[in-house]
Amino acid sequence: MEQEIDVDQVSTGGADFGGERLDATAGQGLIGPLLGRFDGVKKIAVLRGGGLGDLMFAVPAMQSLAAAYPEATITLLGAPLHAALLGGRPGPVDRVEVLPFAEGVRPGPEDPAAVEEFLARMREERFDLAVQLHGGGRFSNPFLLQLEARHTVGTRTEDAAALERTIPYLYYQHEVLRALEVVGLAGAAPVALQPQLTVLPEEETAAAGLLDAGRPSLVTIHPGASDQRRQWPPSYFAQVAAWAAQDGCQVLLVGGSEDVDLADNVVAQAQELMHDAGSIRSVAGRLGLGELAALLRASDVMLGNDSGPRHLAQAVGTPTVGIYWAGNLIMAGALGRTVHRVHMSWMTHCPVCGSDVTQVGWTAERCEHEFPLTEQIRPEDVYSDVRQLRATSLLLRGK
């Protein structure tokens, strides 16, 4: 007989299950407790702003919500790039509502009137369930509560407003697993452990124009990252690009408009190493998100820092080699190793002032020094994995 546990009589480490009673098997084989589903859920709102990688982290959780509540619509409260990528694309999200600029929710010039207009419009939706996947909740929980949904679930730091059901927000947890643990509070069991994104035929057609028929193997490289400390040195990317070109690959540097100068720098250094201007070039800043997804899908291997394009490559099914500081790997690394490889730096202290770089966010302020956390990762080790995964990719794709 299954034993019921009264959560008021046990320590849950800061979790609040809203009075839900657990049985002794709750959580077995899952990320965390799988609580009962809410009744009558027809409309679900998911709060997840941020960048491309942040969206990818939330996709498996939204897929799980869609499976648990098949009659419900899912509205993502997200960023403009989320709307641009998901619009008209099959998946768990029915529509994206772009968040207003608001502290801790979407950075930018705040307009209180615009925030209130957005919240009033969302209240008119009468959401049955609102899910907070946007950090520790100091700002996002009060924002979510103003939607006035019938039920709320999410993460919570000690200083954040309470939701109906919460789990504690502790920094070092993989973001995909954290989001899956949150939706488990709403009775949504995991149906996927990594994001999946469908590339549209028109996007494949657009990307095909970038491919070099004389070099049928494509390696894409994204040298940027939102945090400069996570960026592998450009000269290291250049060396890997040169080796790939020497092995007969086409090499394309990708990224957003903020990566154009960095990508051009890598291309210039790589071309000097191999004296061949045609096989290595940059398309950074020239592609829409859909075209980028298609180009990554067409690639045999994608090499990048811990950044949105690497997560997107994984989501469209392309083998990846990721460059990580160890702390970022815990948060965002690919889970498998058959078609994804990771290279880690174990640096724990600033080389200038000795500050402990493993203490993050509210735990300790970041020191003022800028330095690459990943400099100790060797190009020859990275290219070894690029070569292995390129061969694997060619076999998987029948080339």
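Visitor: Which residues form one aromatic cluster?
Guide: Bear in mind that this is a predicted model, where local features need pLDDT of at least 70 and side-chain atom pairs count only at pLDDT 80 or more, while totals for chains, interfaces and linings use all residues. Residues are numbered from 1 along each chain as its sequence is written, and side-chain values use heavy atoms, with hydrogens and water left out. Rings of Phe, Tyr and Trp (its six-membered ring) pair if their centres lie within 6.5 Å; planes under 30 degrees apart are stacked, over 60 edge-to-face, and the rest tilted. The members of the cluster are W232, Y236 and F237.

Visitor: How do the rings of W232 and F237 pair?
Guide: By the ring rule, there are five aromatic pairs. For W232 and F237, the ring centres are 5.0 Å apart and the planes sit at 90 degrees, so the pair is edge-to-face.

Visitor: Are W232 and F237 buried or exposed?
Guide: Buried means under 20% relative accessible area, exposed over 50%, and partly exposed in between (1.4 Å probe, protein chains only). W232 comes in at 1% and F237 at 0%. So W232 counts as buried, and F237 also counts as buried.

Visitor: Where does L218 lie, and is it buried or exposed?
Guide: L218 lies in strand β9, residues 218–222. Its relative accessible area is 2%, so L218 is buried.

Visitor: What is the C-alpha to C-alpha distance between L218 and Q250?
Guide: Leaving aside neighbours within four places in sequence, L218 is in contact (heavy atoms within 4.5 Å) with several residues, including L211, Q250, L252 and V301. L218 and Q250 are 32 residues apart in sequence, yet their C-alpha separation is 4.8 Å.

Visitor: How does the radius of gyration of the chain sit against the globule rule?
Guide: The chain has twelve helices and 14 strands, which are DSSP runs numbered from the N terminus (helices H or I, at least four residues; strands E, at least two). Taken over C-alpha atoms, the radius is set against a rule of 2.2 Å times the number of residues to the power 0.38. That rule gives 21 Å for 399 residues, so the chain is as compact as a globular protein of that length, its radius of gyration being 22 Å.

Visitor: What share of the residues is buried?
Guide: The C-alpha atoms fill a box of roughly 70 × 55 × 50 Å along the principal axes. Of the 399 residues in the chain, the buried share is 52%.
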